[in-house]
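Here are my notebook entries on this model, written as I looked things up. Have the structure open beside you and follow along.

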Amino acid sequence: MASSRILLAAVLTLALSGTPGRAGEAAKANLDILRDTIRANKKALVAANLTLTDEEAARFWPLYDRYQTELKPVQDRAVKVIEDYTASFHDLSNEKAMKLADDWLSAEGDRVKVRRTYLDEFAKVLPGRKVVRFYQIENKMDAVLRYDLAAAIPVVEE
């Protein structure tokens, strides 16, 4: 898991490198690169860290692909909120700030709903310990991503 974390951290660092607080097309390009890189490597990271029998793999991977397909629009909404925020954080009105906060929490809530829905689905194709391990792997990848995003996203100015 350590080598996978290092790989993911390196990818995220490269994708988000640059001056914090930078807005506009460069920030959007970095987010697009980040999103594409995560999607390309996420499945490989899960595969490398979740030992599946051939039978489990045959049932798990199609479900995993559906899960990721359902998460994609939710994650895209979260990225849109970040893009909107970084484009306007210097002169963010109170109303816009509250709308962005509401949009972010809505996307987060929907992400949790998808994860909750698929918990039972994954439990139908994998033993409980492997389901939990899968969710732990997902959470670790999310934690690395969120950490790097937090470092790159400027705080609202007072």
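**Entry 1: a first question**

Does R111 count as buried or exposed? I looked up its relative accessibility and found 14%, so R111 counts as buried.

**Entry 2: ground rules**

I am working with a predicted model, in which local features need pLDDT of at least 70 and side-chain atom pairs count only at pLDDT 80 or more, while totals for chains, interfaces and linings use all residues. I number residues from 1 along each chain as its sequence is written, and my side-chain values use heavy atoms, with hydrogens and water left out.

**Entry 3: the overall layout**

I counted five helices and zero strands in the protein chain. Helices are DSSP runs of H or I with at least four residues, strands are runs of E with at least two, and both are numbered from the N terminus. Read from the N terminus on, the elements go α-α-α-α-α. Of the 158 residues in the protein chain, 39% are buried. I also checked the contacts between residues at least 6 apart in sequence, and 76% of them join residues at least 24 apart. A contact here means heavy atoms within 4.5 Å.

**Entry 4: α4 against α5**

Next I took helix α4 (residues 94-125) and helix α5 (residues 128-152), whose axes come within 10 Å and cross at roughly 160°. That crossing makes α4 roughly antiparallel to α5. For the record, axes are lines fitted to C-alpha atoms, for helices over the stretch in contact, and angles run from 0 to 180 degrees between N-to-C directions. Angles under 35 degrees count as roughly parallel, over 145 as roughly antiparallel, 65 to 115 as roughly perpendicular, and the rest as oblique.

Which residues meet here? From α4 I listed W104, E108, R111, R115, Y118, L119, F122 and A123, and from α5 their counterparts V131, F134, Y135, E138, N139, D142 and R146. Sorted by class, the contact of α4 with α5 has eight nonpolar, one polar and six charged residues. In this sorting, Ala, Val, Leu, Ile, Met, Phe, Trp, Tyr, Cys and Pro are nonpolar, Asp, Glu, Lys and Arg are charged, and the others, Gly among them, are polar.

**Entry 5: R111 and its partner**

Back to R111, whose side chain meets that of D142 in a salt bridge (3.3 Å, N to O). A salt bridge is a side-chain nitrogen of Lys or Arg within 4 Å of a carboxyl oxygen of Asp or Glu. R111 lies in helix α4 and D142 in helix α5, so this pair ties together parts that are 31 residues apart in sequence. D142 is buried as well, with a relative accessible area of 13%.

**Entry 6: other salt bridges**

How many salt bridges does the rule give? I got a count of 15. One of them links D65 with K43, the closest N and O atoms being 3.0 Å apart. D65 lies in helix α3 (residues 54-88) and K43 in helix α2 (residues 25-49), so the pair ties together parts that are 22 residues apart in sequence. D65 counts as partly exposed at 34% relative accessibility, and K43 counts as partly exposed at 33%.

I then picked out R77 and D110, whose side chains meet in a salt bridge (2.7 Å, N to O). R77 belongs to helix α3 and D110 to helix α4, so this pair ties together parts that are 33 residues apart in sequence. R77 is partly exposed at 33% relative accessibility, and D110 is partly exposed at 23%.

**Entry 7: α3 against α4**

The axes of α3 and α4 come within 10 Å and cross at roughly 175°. These two helices are therefore roughly antiparallel to each other. I sorted the residues of their contact into 17 nonpolar, two polar and twelve charged.

P73 sits in helix α3 and counts as partly exposed at 45% relative accessibility. From P73 to D110 I noted 37 residues in sequence and 9.8 Å in space, C-alpha to C-alpha.

L45 has its place in helix α2 and counts as buried at 7% relative accessibility. L45 and E138 are 93 residues apart in sequence and 9.4 Å apart in space, C-alpha to C-alpha.

Note on methods
Buried < 20%, exposed > 50% of the residue type's maximum accessible area, 1.4 Å probe, protein only.
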